[in-house]
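Biologist: Can you put the model up? I'd like to go through a few parts of it with you.

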Amino acid sequence: MAVRRHRIDSQPMKVLQLGPYPPPYGGVQTNLVAIRSLLRKRGIPCAVINVTRHRKPEADDVYYPSNAAGLLKLLAKLNYNIVHYHFGGMLTWRVLAVAAACTARSSAKSVMTFHSGGFPSMDDGKRLRASSPAAFVLRRFDGMIAVNAEIFGFLQRLGVAEPRLRLISPYSFAHERPAPLPKTLADFFQTHGPVMISAGQLEPEYDLGIQIEALHQLRHKFPKAGLVFLGSGSIEVDLRRKIEALDCREHVLLAGDVPHESALEAISRARLMLRTSLYDGDSISVREALQLGTPVIATDTGMRPPAVTLVPKSDLSALGKAVESVLAYPRKPCLAPQNDESNVQAVLDFYQELLSGDRLGT
């Protein structure tokens, strides 16, 4: 299929990003914010349309449409020549509808970052073919960014031409100043030790119940042990029920959404991080924890950094043994802070390449 070619007059770059805007903070949100921060530091306008149910008052060029009609109105109204859609999770019809809308404006170049690391290996991902309607929608984008090699190969299989594909890691280790912890979180660290932490969203795919069960078992050996969940989500009520059932209500803290700087401070104070999942790719929070010197135990997805202690999916016994093994050794020193913006710069370079009108394949 021929690539849509648009003549774009010589004009300054103006970027519109669509995706989840914090709070809550997660991997996709962190990447979106990092791109926006670098753009604005370079004097390049960048607006954001939040596409999640989490809404705040509109300010600072961040918009929160309440429905599909509102989103379409913003796409037609705002002034941009790059539209960048960040997708994570399942490739639903709603996601595809937003994707199609992003590619409809003839005066702008469209980009998608495919963040859903575990999707290609799931049944839904394996069933997709180049002839699938979803593949047709994805091929409409002028540029596609894969966050890992598996996604890159998956998009190739769906017929996305390699010249239009980029493999760009979403991580940018810009050093952030520590921020004080909210009082509830600070008090929890004062009264518990060791503290395990889980940083992400409270959603079913993260198999968070097994972490509560692991804490319940661990407290027989470490009576002051505690578990902190950062973030919010759809299973908060279910998690509270599980906490009550195991009678560990005083030792599990659902801290909710906290500023990113405070989240990093909490991760740095924790004895270890847990990243359990039913499906997952790589994880920005895992990378951040390792950068801060906090050991990580995570479900094996085939994409974890080498320093992570891996456990099988939904295996309570293996998780408990891994926790005790990590606690048997002292924490390693924190790695030197980095200010590496090269991955985010690669995204900006891709934007410029698209605007220059260079041929990117068919």
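Modeller: What follows covers some strands, some helices and the salt bridges.

Biologist: What should I know about the numbers before we start?

Modeller: This is a predicted model, where local features need pLDDT of at least 70, side-chain atom pairs count only at pLDDT 80 or more, and totals for chains, interfaces and linings use all residues. Residues are numbered from 1 along each chain as its sequence is written, and side-chain values use heavy atoms, with hydrogens and water left out.

Biologist: Strand β12, then. Are its faces buried or exposed?

Modeller: Both faces of β12 (residues 296-299) are covered, with V296 and A298 buried on one side and I297 and T299 buried on the other. Buried means under 20% relative accessible area, exposed over 50%, and partly exposed in between, using a 1.4 Å probe and protein chains only. Strands are DSSP runs of E, at least two residues, and helices are runs of H or I, at least four, numbered from the N terminus.

Biologist: Which strand does β12 pair with over three bridges in the parallel sense?

Modeller: One is β11 (residues 272-275), where L274 has I297 as its bridge partner. Another is β13 (residues 309-311), parallel to β12 and joined to it by three bridges; there I297 partners T309. Pairing here requires at least two DSSP bridges between the strands.

Biologist: Switching topic. How many salt bridges are there?

Modeller: The count is 13, taking a salt bridge as a side-chain nitrogen of Lys or Arg within 4 Å of a carboxyl oxygen of Asp or Glu.

Biologist: Which residue does E213 meet in a salt bridge?

Modeller: E213 meets K242, at 2.9 Å from N to O. That pair links distant parts of the chain, 29 residues apart, with E213 in helix α8 and K242 in helix α9 (residues 236-245). E213 is partly exposed at 27%, and K242 is partly exposed at 26%.

Biologist: And where is H216?

Modeller: H216 is in α8 (residues 209-218). Its C-alpha atom is separated by 6.9 Å from that of C248, 32 residues apart along the chain.

Biologist: What about R269? Which residue is its salt-bridge partner?

Modeller: E265, at 3.0 Å from N to O. Both lie in helix α10 (residues 260-269), four residues apart, about one turn of the helix. R269 is partly exposed at 42%, whereas E265 counts as buried at 17%.
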